[in-house]
Structures are given as structure tokens and as C-alpha cells.
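Student: I have a new model open in my viewer, and I would like to learn how to read it feature by feature. Could you walk me through it?

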Amino acid sequence: MTVLLCCATLRAETFAVVISGGRHKMFNHERYWNDCAFLYRTLRHDYHITKDHITLLMADGDNPANDMLREGGIGFASTRIDLDGDGQPDLHLAATRQDMDDTFRQLSVSLTADDQLFVFITDHGERSSDDDVCLWLWGDEKLGPDALAAIIGQCSQGTVSILLGQCYAGAFVAPLLGQGRIVTAACSANQLSWACKDRPYDEFVYYWTCAVAQHDEQGQPVSSDTDGDGTVSMAEAFAYARQHDSRPESPTLSALPADLATQWSLDSKRNDSQGIIPPTSPHHPPTVYDLQGRKVRGSDGENH
């Protein structure tokens, strides 16, 4: 039995880290929980990723204290720790720098060159008067682009796809981008990101999750698999979300090598069978897509 288990670990696998800092309860909107829960259900039910391969870092973790502003600002609640509705707790860790650092350090040990890592971030970003940009973590902790890149950069094995949903997300693209990386941002370095007008989610990440799930939060199918191969690449997910994003934000997608986003999906078995280019392949300039879906050469992944 032990030998079989060891052999099984040699197969390509998908790992995911879901991050929603919230800052503190006055800013931790319920829609952030909705963003994370929709994605978590997608990873579990549509991609069959096991719970032990998904790490959630959200607000104050499994602390029962109130840490979330209810939708419509009608009081506070404690973050629900069962995200997929199976009656079992899924959330244990807080969205603090310490818990993030520990999570990626542990992943750096377990990830192999054949594995893939997906990092999802929704929450608040802020730009100060001196143009410093940060991502807010729980307890008023700040995390800048270089610090986030250093934390995620501990995972040097395998391919990594990162989705950034916070305000000023474009400022994080250049530090995060590297060989074997895909970085998707909901907005440019000088833009806010926006909530949906008609549902309690964030606009870009909501449609992005619809795309990879191939259905909306109610289970209604969406047409995001444009090449009809049965799965949704990161490029297809980006194109669908950008097309349906009606808010004043300019999403971007950057990848190294340039065609990685068109090949890579959350389905590790499909990626393995397609022979996705490993991170050690020769350097190519990243591909950046503008709002019209045209490829734009550049290194920072930002639209202004």
C-alpha cells in the first residue's frame, strides 16, 4: 500500500491557495466570502481537487468572533468555515502574513516539477499618496508586490497561475511574473476593481470563476470553452471574464512562456496529457492581452 501511494504522488496534481484578507470586520465584505466559496466549490466539484490540496486563508480563519460585514451593511457575522456545504469545516487559517508564509513554505516542500499551483486573491488593495501599493491582510497587515512575490516565490517547482482581484492589482504583475507563471489581474496598476452591480460578488473574479466552472453560481451553463476541447484554459477564462466585465476596470493577462496561458487549465490531467511546457524552458517574452483581445507585447501586464 505504501509503495502504491508513493507512485501516485509522481502524477501531476493541482494545488490551490485561496486568499481573502478582509483587513478588519468593517471592510471584510460578505461578497469576498462569496467569491471564495464559489471558487472553492468549483475546485472541489468541477475539478475534483481534494480538500487536502486546497488551502484557504480568509480573514481571521476559524475564529468564531464576528469578522465579516454582512451584505448591505446590515450587521456583522463570523466567517462561515464550511464553504462547500458538506457540513465539514474547510477554513482553518487566517489571512495573515505568518499563515501565508507558512503555507507557501510547506507547499515548496511538497510540490514537484510536474505539479501545478493556482493562487486566488480577492480583497482590498490600496495605493498611498506616495504611490506605494499594498494588499490588505487580516488585522490591518499590509503586503506589497515584492513581499507577495517573495512569499509565493518559495514555490519554485511546477507551473503557477495567479489571479489577482484586488484594487490596483496590475501593480503586482511584474514582480510575480516569471518563467512558468501566468498572472491575471482584474484591473491595472492605477485602477480600482469593482463589485458586481446585480449580485454579491466581485465583477471580474465572478465571471472568471463562471468561466472555469462553465456555469454560473446558480448552475446555469456558460459558453467559455471556445475551442470545444472540454476544458477552459487560463486564456479562455480571461477572455470570457473580460468580455462580461462591465465595470470601469482593465483586466490583463501575462504569461511566460508566451503561449502558456492558452495551454494551461486547472485540470492537471489534461495539462499532463498535453505536455505543458515546464518552467525550465527557454525564456520568451510574456503575452499581454488588451481589452479587445489583441496580443500586446510588454513585461508589466498593465493597461493604463
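Tutor: Happy to. Please keep in mind that this is a predicted model. Let us begin with one residue: Lys142 is part of strand β8, which spans residues 142–143.

Student: Which residues is Lys142 in contact with, leaving aside its neighbours within four places in sequence?

Tutor: With that neighbourhood set aside, the contacts of Lys142 are Cys134, Leu135 and Trp136.

Student: How should I read the strands around it?

Tutor: The general idea is that strands of a sheet pair through backbone hydrogen bonds, in either a parallel or an antiparallel way. Here, three strands make an open sheet in the order β6-β7-β8, with antiparallel pairing. The edges are β6 (125–127) and β8, each having a single partner strand, so one side of each lacks a neighbour in the sheet. Strand β7 (residues 133–136) is joined to β8 by two bridges, and Trp136 is found opposite Lys142.

Student: What is the strand order of the sheet of six strands?

Tutor: That open sheet runs β2-β1-β5-β9-β10-β11, and its pairing is mixed. Its edge strands, β2 (54–58) and β11, each pair on one side only. From one strand to the next, the twist averages 10 degrees. For a parallel example, take β9 and β10, which pair over five bridges; there Leu164 stands opposite Ala185 of β10.

Student: Which helices can I look at against those strands?

Tutor: Helix α4 (residues 145–152) packs on the sheet and touches β5, β9 and β10, its direction making about 145 degrees with that of β9. Helix α2, in turn, lies across β1, β2 and β5, and runs at about 175 degrees to β2.

Student: And how do I describe one helix packed against another?

Tutor: Two packed helices are described by the angle between their axes and the distance between the axes. In this model, the axes of α3 (residues 97–110) and α4 come within 8 Å, crossing at roughly 35 degrees. On the α3 side the meeting residues are Arg97, Met100, Asp101 and Phe104, and on the α4 side Ala147, Leu148, Ile151 and Ile152. By class, this contact holds six nonpolar residues, no polar ones and two charged ones.

Student: Is helix α6 mostly covered or mostly open?

Tutor: Mostly covered: eleven of the eleven residues in α6 (residues 203–213) are buried. Among them are Glu203, Tyr206, Trp208 and Ala213. The cover over the buried residues of α6 includes α2 (30–46), β5 (116–121), β9 (159–164), β10 (181–185) and α7 (234–244). Just past the end of α6, Gln214 has a positive phi of about 65 degrees.

Student: How do I read aromatic pairs?

Tutor: A pair of aromatic rings is described by the distance of the centres and the angle of the planes. The structure has seven such pairs. In one of them, the ring centres of Tyr201 and Tyr206 are 4.9 Å apart with planes at 45 degrees, so the pair counts as tilted. Both partners are buried: Tyr201 has a relative accessible area of 8%, and Tyr206 has 2%. Ring pairs also link Phe38, Tyr201, Tyr206 and Tyr207 into a cluster.

Student: Which ring faces does Arg23 lie over?

Tutor: Arg23 lies over the face of Phe27, 4.7 Å from the ring centre, and over the face of Trp136, 3.7 Å from that ring centre. Arg23 belongs to the loop between β1 (14–20) and α2. Its relative accessibility is 17%; buried means under 20%, so Arg23 counts as buried.

Student: What should I look for in the backbone of the loops?

Tutor: Look at phi and omega. Arg23, although not a glycine, has a positive phi of about 70 degrees. Tyr168, also not a glycine, has a positive phi near 60 degrees; Tyr168 sits in the loop between β9 and α5 (173–176) and is buried at 15% relative accessible area. As for omega, the peptide bond from Leu256 to Pro257 is cis, at near -5 degrees, and Pro257 is located in the loop between β11 (252–256) and α8 (260–263).

Methods:
Residues numbered from 1 in each chain as written. Predicted model: local features only at pLDDT ≥ 70, side-chain atom pairs only at ≥ 80, totals over all residues. Heavy atoms only, no water. Buried < 20%, exposed > 50% of the residue type's maximum accessible area, 1.4 Å probe, protein only. Helix = DSSP H or I, 4+ residues; strand = E, 2+ residues; numbered from the N terminus. Contact = heavy atoms within 4.5 Å. Pairing = 2+ DSSP bridges. Axes fitted to C-alpha atoms, helices over the stretch in contact; angles between N-to-C directions. Nonpolar A, V, L, I, M, F, W, Y, C, P; charged D, E, K, R; others polar. Phe/Tyr/Trp six-rings, centres within 6.5 Å; stacked < 30°, edge-to-face > 60°. Lys NZ or Arg CZ within 6 Å of the ring centre and 35° of its normal.
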